[in-house]
Each structure stands twice: as structure tokens, then as C-alpha cells.
Amino acid sequence: LLAQALPRLSLPVHEGRVSIGEIRWQDEVGTDTRFDFSTGPAGVNVPALSSTGPEGRLQGQLRIVDSAAGWQVGLTAELQAAAPGTSLAAPLADSDWIWRQGSARISGQGATWGDLLNALQGDIALSGFHRGAVKTPVNITARLDTHPGQFALEAIDMELADGRVTGSAALSGDEQKQLRANVRAENLKLDFLLPPADKAAPPGMALPTYLLALPGVELDWELELNNLALGGANISQGNISFRRTSQQANLAASIGDGDGGKLDLKLGAKMAPGEPTAVELRTELSNLSISRLFGQAPLLADTRSSGSISFTSQGVGMEQVFAAMTGEAELSVDHRPDRDWNRPPVPEKQFRISGQTKLVLQDKRIMGLQISRLAVDSIAQNLTGSVSLVEGRKPWLIADLASDKLDLDSLRSSSAKAVSDQPDSDLRESLRQLGESRISLQAKSVLIAKLPLSDMALQVTTAPGQVGIERLDFSLGEGSLTSRGEVSVIKDEATFAL
């Protein structure tokens, strides 16, 4: 399309006026839109255009001069704020973005659509606010520059309240188009952009179809983030890059949460015509709360994970690729009641987890993670089994574990000091903050309080302020015990029943 010659505008001589009472696009509305125009052998002229917005009125001119050498285009526009105290017209009451002042001056000349696009130059400025629970001031400026063979938008500068977005973008190439973008965002609180919470919204995360945006265009994008908050996620520092050609795609992201946690992600895909796409995905965690990634309370407060989760896959189409993703997890779980996540870990106080991984998909959404053939090693403990983390399920964490031998005395001695250092109020608060889970354990031999128990069967459920012992069976010598119980916190009192 961009290589096609521009159509000739040898039009009949004519003059006219168009009036439109209301133009609506989603929640944005313009009213009382009018423009005068004239046509002729030399092209199109719009000497006067006007339209009314919620708090401003747009006026401008447009001229397209046609000749054998192509088009010569000129556009000017001014947005002037309405008088102070002017009330909103009824059709404009639902507008989210309120623009009060601005200007644009753009010109260019070319014989093809591509030549005209690359030749555009000028300046754009716009100011107003987003109307939500609070008014968020918005100011935007940008410059169109003429560079040989490319359409360049430079000196992009957007202010959102106390935050700022700066950068540049360029579209280049003749037969093969490439879109490059370099953006820096800092001190942004973007919750005002989120739609109201929808209880009927499906859980999980949609497949990343945005990676397939602009098919046929090579992409080279860089994004730098500093102090960004959106929907409960807080990013103190982050770098994201995405590069895509017709043969391969690579996504890399490094995100810090500002509290000692970090996530590094690398995705690589190789594509060939008529062949399945081969994908590799690796995520590395450092002192990160996995429960927070699922928007859940942790199973145990002051616990974070480090390590890696990797996947490989092959398939045709994004859904098939993600459904076929399998791999391995190598994680260590660290419990630190002192909440000092900047000090080096103590290996003896970590759980090391490994297993085979698979994504959980439902209705074209990523719901969670399944780890099978699980192995847990820590302080003479040896557990096997499986664990699944699925958003929207109650409970969201389900673990089925088994062990030939558990030495709980070793575990108790390693954590006794940490527990004894905690005031009773902190222990009660830890119970209140428990996440939802169901954990089952079958153990052939358990050592606790120097008592050798055998054939233990345990099923525990947790929820905020509650630990339910659904089943506790074991044998000791010639006898056996079958029981159940509950620990709960009501107001400031902790109760235990067995």
C-alpha cells in the first residue's frame, strides 16, 4: 500500500459546507462539527473546520494540492479552552479524556503514500486531563522530523500528573517495514486507566497476542521503567526489549519490585513458513513472592522464592504453543521473619524445590502452573509429589506430598529461634495473612519430639486467620491415632481445637 502512487485529485469545481451534530467514538464525543470545503483540478481545500469538545473548541484548516509530482499537504489546528465555569453539554458528560488546549502544524509532500508519510514534518502539542475518581493532568508534545526513508516521531514528551513518558518512534523500509521505538517512563501511577473492577471478569491472563501485533512489520522496541504502579503491581526499575523479524522473535524483561525482589524473563521463538514455531521461555526469580504474581496471599508470611522456571514448546498458533509448554523448575523457598531480603540467604534455612512444569490453560487464558514429580529437600527432609497454582480456583494452591522419612525435629530446631523472637501479636498477624491452600501429606516415618511416628496421613487447609486440620492419622508403637482440628484467630484471640 505504501508503495502505491497517490491518486490524482482532479475533481469538479465545487464549494460546500458540512454540519454534524454529534460524533461519538466509544466514550469520546465531539459536537457541533462544521467545515467548509472546496474542490477543483488542483485538489481539496478545507479553509475552516470547527468542533466542540467537553472543555475546548477545535479550529483548523486542511489543504491538499495535487500535481503530477504528487500531493502537497498542509494542516494546522488550534484547540482553545472554553471560558471558565462553562458547563458540559449533556452529550459530553461521559468523555474520559478532556482536552483544553493544543496545536498542530503538519506539512509534507510526496508521490506515493510512503513518500508522503516519510516527508511529514511539524509539531504537535495537547493539554488537558483524564476524568476519573480524580482529575489527572495530561500534557503531550511531539515533533515529526523528516529523515530519508522513514517516518519519525521524535521528542515525544507526555506528562501524566507527576509522571513522565519520553521517547521516539520511527517507521522505515521499503519492501520490508521496520518499526523502532525507544520509550522511558518514570513516576507513573496508572490505576486511573484501569476499568472498574468486574466481578464477572475471567481469572488468569490472556495469551500474549500482542506479540503478534503488526504482522509483516519487523519490530525493535525498548522500554525503560522507573517507579511505575498499575493494578497492585509496583515496579521500581525495569527494562523490556522486544525484537521480531520474519524468522525469529526475542522478548527480554528485567523487573525489580523495590523490595529486594527481581524477575528476569527471556522468550525466544523461531519461525519458518509451513513449520511449527519453536519457543523457549525462561524465568529467573530472586527473592520474589510467587503468591503476589497470582494476586494471592502467601501460604506463609515473609516467604519468598528464588531460582528458575523454564519451558520449551512447539506448535502452530499461539494457543497450541502455550498449551504444549513443558519444562523444569529449580527453586529455593526462603522464610525470613526479619524481612531483610538484602542479606545473603542461609542455605540451611531454605527449601529447595525441583520438578517438571506445565502451564495450566483454560479458555485461551493462562491460569497457572503445575509442578509434577516434585522433589523438596531441606534439613534432612525429603518430599516428593505435585503442586499446582491456579488463579480463580479455591484454594488456589493445592499440594499432594509424600515422604519416606521426615525429621521434623531438625526443622523445628532450625526455626525455633525465629519463632521465639516473634511476639504473640506477630504470630497472630501471620495467621491472619495466610493464603488459601490445601496440602496433603503421606509419610511412612516421621520424627517429632523424639517420637518415631509411622504411616502418617495429614491433610491441612489454610485460609486467612484459619488453619484446618482435616485429617491427622498416625501410628506410634502398637497404637494409632485418628484426629482432626483447627487453629483460628478471632479478633485478637487465637484458639485451638482438636
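Q: Which residues does Thr 384 touch, leaving out those up to four places away in sequence?
A: In this predicted model, Thr 384 is in contact with Leu 374, Ala 375, Asp 400, Leu 401 and Ala 402.

Q: And where does Thr 384 lie?
A: Thr 384 is in strand 22, which covers residues 381-390.

Q: What does Thr 384 count as in terms of accessibility, and why?
A: Partly exposed, because its relative accessibility is 37%, and that class runs between 20% and 50%.

Q: How far apart in space are Thr 384 and Gln 442?
A: Their C-alpha atoms are 9.9 Å apart, with a sequence separation of 58 residues.

Q: Switching to strand 10. How many bridges join it to strand 9?
A: Nine, and strand 9 (residues 150-160) runs antiparallel to strand 10 (residues 163-172). Ala 152 stands opposite Ala 170 in that pairing.

Q: What's in the turn there?
A: The hairpin has two residues between the strands, and Ala 161 in the turn has a positive phi of about 55°.

Q: And strand 10 with strand 11, parallel or antiparallel?
A: Antiparallel, with nine bridges to strand 11, residues 178-189. Ala 169 faces Ala 181 of strand 11. Five residues separate the strands in this hairpin, where Gly 173 has a positive phi near 100°.

Q: Which strand gives the largest share of the lining?
A: Strand 14, residues 233-244, with five residues.

Note on methods: Residues numbered from 1 in each chain as written. Predicted model: local features only at pLDDT ≥ 70, side-chain atom pairs only at ≥ 80, totals over all residues. Heavy atoms only, no water. Helix = DSSP H or I, 4+ residues; strand = E, 2+ residues; numbered from the N terminus. Buried < 20%, exposed > 50% of the residue type's maximum accessible area, 1.4 Å probe, protein only. Contact = heavy atoms within 4.5 Å. Pairing = 2+ DSSP bridges.
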